[in-house]
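Dear colleague,

I am passing on the structure below, and after it I set out what was found. Please read the notes alongside the coordinates.

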Amino acid sequence: MERKGIAQTVYQIIAVTLVAIVVGGAASLAAIGFVEAVHFLNERLLISPYARVLAEDRPMLVASATLLVPAAGGLVVGLVVHFLVREKRGLAPPDAILAAQTSAPAPGLLSGLASTFAALVSLGSGASVGQYGPLVYLGAMFGNMVGRLRLNLRYQRSIAIACGVAAAISTAFNAPIAGLVFAHEVILRHYSLRAFAPVTVAAATGYIIANVIFDRPALFLVSFDRVEHSYEFVFFALEGVLCAGLAWVFMRLLRLSTNTARRYIGLPWARPAIAGLLLGLVALWIPEVLGIGQETLRFATIEGAFGIGELGLIIVAKLVLTALCVGFGFVGGVFSPALLIGILFGAFYGMVLPYIAPVPHSGLVVYAICGMMALASSVIGAPLTTILIVFELTRSYDLTIAAMVSVVFANLISYRVIGRSLFDLQLRARGFDLSLGRDKAILGNRRIRDYLSTEYTAASEMDTVGDVRQRLVNDNRAEAMVLDHQGILLGVIRLQGIVNRPAGTPAMAAAIGLFTRFEEATSVWQSMELLRGFLGEAVPLVSAEGKLLGVVPEEAVIRAYLEIVHDLREEENEAA
Amino acid sequence: MKPLSARVPALWMLGILVFPGLLSAGNEEQAREVLTVATWGGSYENSQRRAYFEPFTRATGVEIETVHYDGGVKALREQLASGDTDWDLVDMIQSDASAACEEGLLENIDPGILLPAPDGTPPHEDFMEGAIHRCFITQIVFSTVIAFDDRAFPGVKPDSVEDFFNLEDFPGKRALRKSPVGLFEWALLSLSVPREQLYDLLSTRRGLELASRQLNGIRDAIIWWTRGDESVELLTNGEAAMATGYNGRFFHARAMEGAPISVIWDGQLIGFNSWTIVRGTDQAELAEKFIAFATRSENMAAQANLISYGPARKSAFKRVGLHTDAGVPMRPYMPTAPSHMATAVVRDHHWYSQTVELREQWFKAWLQGE
């Protein structure tokens, strides 16, 4: 026995580590390939400023590329998503969260690849969307594939998905600790050692591949000495609050744009092309709105690169166009646009501040970084991750602490006003509500149908009270379901209601018409709510047409609750 | 492809055997022949004279005449437009050579003329990457650096690109080359833009505007130079406190002439010089012969032992040692010395060759005060 136990432990450790390295390596390489491919397309399609300046001598070419490339890209994206992705939308972090949290089947490989391709085309053709969302999904896709292997590991799928996501973020940002925390904070929503160890290995694998093997340049490099005055922390906190407001505006715009697209453009596959055309038109005037905006991101930290009015204009344009692109169905995330809008807003705040509070402050850089992280953390609901990204990219303690203050205040507000994140809002729209914690979300996701029993006493509308009474005595039950000849549930007869009735009375006269019932879609959580004040033995579960499918005994609801919660606690508390 | 590459070493062997014969044959038949090389003057040209021109004349009898050239494509374009040019070879900056090649101003060069290293390493492995091009053969790595007059700063010495733009702490005139080269890189570097992002940012209107604004800060302190040796003169005669210029010239002034000049390696701009043959010259074959001679490892090393420009061949760099006359060790003065590379900017020659007009327009606009 002892020996078998040791062998099993050794097997578990080796298998989990291998899963982490394989998933982490694959996700990391895929992330690098993806980013490179986007870069290549941006160069070829005259989206990046570098490519555009090299074609300076052909201004008509540059102008027509600006106008047509996003629209053409949008058309490709629309067609790919509509015809190749089963879900008919880009796959994104919410899908990864759902796959890690529930045992529901994840989107298929074809859908995943098509969605990734659509994201590549979106970003390559300059759409104002982010690259991290697709990278996270790509990581989750590898995780899901490995999660399905028969390795006999506990919570294999959720851990493998978290590994893929951690490696993707670790590679993309060159920030392994942020990748590790992101996977727990956003995907897993718990911090058990069982998941922590492999996810750490995956994040480190991603970092090694990105940094040691490929030597990727950092996302942004800034130099910052220190926060000069202690009162500035009040400014950082205020900035955080303002960023929460901006996040709220962004989410509203996003919803508005999604609804507008649904209402006014009948052909779903044509929507991204229309967004692309509008984007191109604006880009002729404000080229900064195209693509990820690496250069604009950098300028935001340079004093004097923008005038205040100009900055305000770019912020509004980028905000509106990002909402437009995402809402109209370009495939991509919201994290990079949020970073860009945030850093521009931070720079704006830093430039306006001296007019409002004419006291000395420590320059533009720190306010720009604070704005960037505060907005981004509110949008993706990952305060710890964003704080760590600042730390890992700048290695500056002062900058990190300043950003931390902004991030925390932004999240305090946005959590209450908007909810934890855009992802959670999207998941809630799909019926998976994480706002009251994992327990409720999973109880709300698991259907009580799974606990259905077909052991019940049936009565027909023709029966008399005497018939039913005898049948109940025979079956040793206190409840009978009255059905018509098609199996439609007409009512419930309780023993206490027929004990004293004459035997010849029609059964229907004794049936209760108003009774608690479950439907096929009723979740465990809802069933618990419905059971409040319930006095009977079992709750009938009916189909949409009203047919009785079976009953759920009260005991089964309690069993379902205990099982699910027990599983969750075990997953969260188990060591490796 | 395979048969060709298999044949290449054999061709080299043949070349080595036949080459001296060709040279001496040329000596007898083509006496009093003259090749005209457009090059940069001063101590740089002197080093070329001693390492390449004189030995070439001794070996072949062909005289080398030089004409002065200060870089750019314009000068070459004008020469060719005049219809009757006597330029045969030009010593061009790689980005200019690339642009001139696309404009059709240059002859193609057969890479087969290049000789292998003395240990037999074929040229494409021995030369640095990108050195062998259909229109040019890159020969040296040079650097444009900021230097200062030691006498101008008796106290704290400037040591960064930022200090060049800091007139408050480091007052004095700034000598800059009157050409849209290097200015904007330094302007952005002084705003702590990381070097990896320089050319991406300079590709935007905003990046160039930012550079203009930064340069405005020193506008009144600028003295312009055009010839490579002028920047050294401006420093030695005390007219300028700081100057940009070529590292080899500053080395020569300091090490050979004892001028009180110190180099700031921060933000050095690494560039490459290449041999090119002017389109339509009637001595293309002889010009190729010269290039083959001048790019021999020994000859390249001989130049590097006279002036601190790094040879573009590994086998030549291995032969760099003490200065031929002064006995100073040369390697620490090379732009490619590891301690100088930490903050070096390698000029994006693709960007340069594609932005000739943009840069010229920008520069003109800036000179006119925008």
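The side chains of B:R206 and A:E288 meet in a salt bridge, with 2.6 Å from N to O, a salt bridge being a side-chain nitrogen of Lys or Arg within 4 Å of a carboxyl oxygen of Asp or Glu. The count between chain A and chain B is two such bridges.

Before going further, please note that this is a predicted model, in which local features need pLDDT of at least 70 and side-chain atom pairs count only at pLDDT 80 or more, while totals for chains, interfaces and linings use all residues. Residues are numbered from 1 along each chain as its sequence is written, chains are lettered from A and ligands numbered from 1 in the order in which they are written, and side-chain values use heavy atoms, with hydrogens and water left out.

As for the interface as a whole, 19 residues of chain A are in contact with 21 residues of chain B, where contact means heavy atoms within 4.5 Å. The area buried between the two chains is about 1,800 Å², of which carbon and sulfur atoms give 60%; buried area is the accessible area (1.4 Å probe) that two parts lose on being put together, summed over both. A:Y50, A:L54 and A:F299 supply 32% of the area that chain A buries against chain B, more than any other three residues.

Leaving aside neighbours within four places in sequence, the contacts of A:I187 include A:A96, A:V136 and A:F182.

A:F182 is also one of the residues touched by A:T385, not counting residues up to four places away in sequence. A:T385 lies in helix α16 (residues 383-394) of chain A and counts as buried because its relative accessibility is 1%. B:A302, in helix α13 (residues 297-304) of chain B, counts as partly exposed, at 29% relative accessibility.

How values were computed:
Helix = DSSP H or I, 4+ residues; strand = E, 2+ residues; numbered from the N terminus. Buried < 20%, exposed > 50% of the residue type's maximum accessible area, 1.4 Å probe, protein only.
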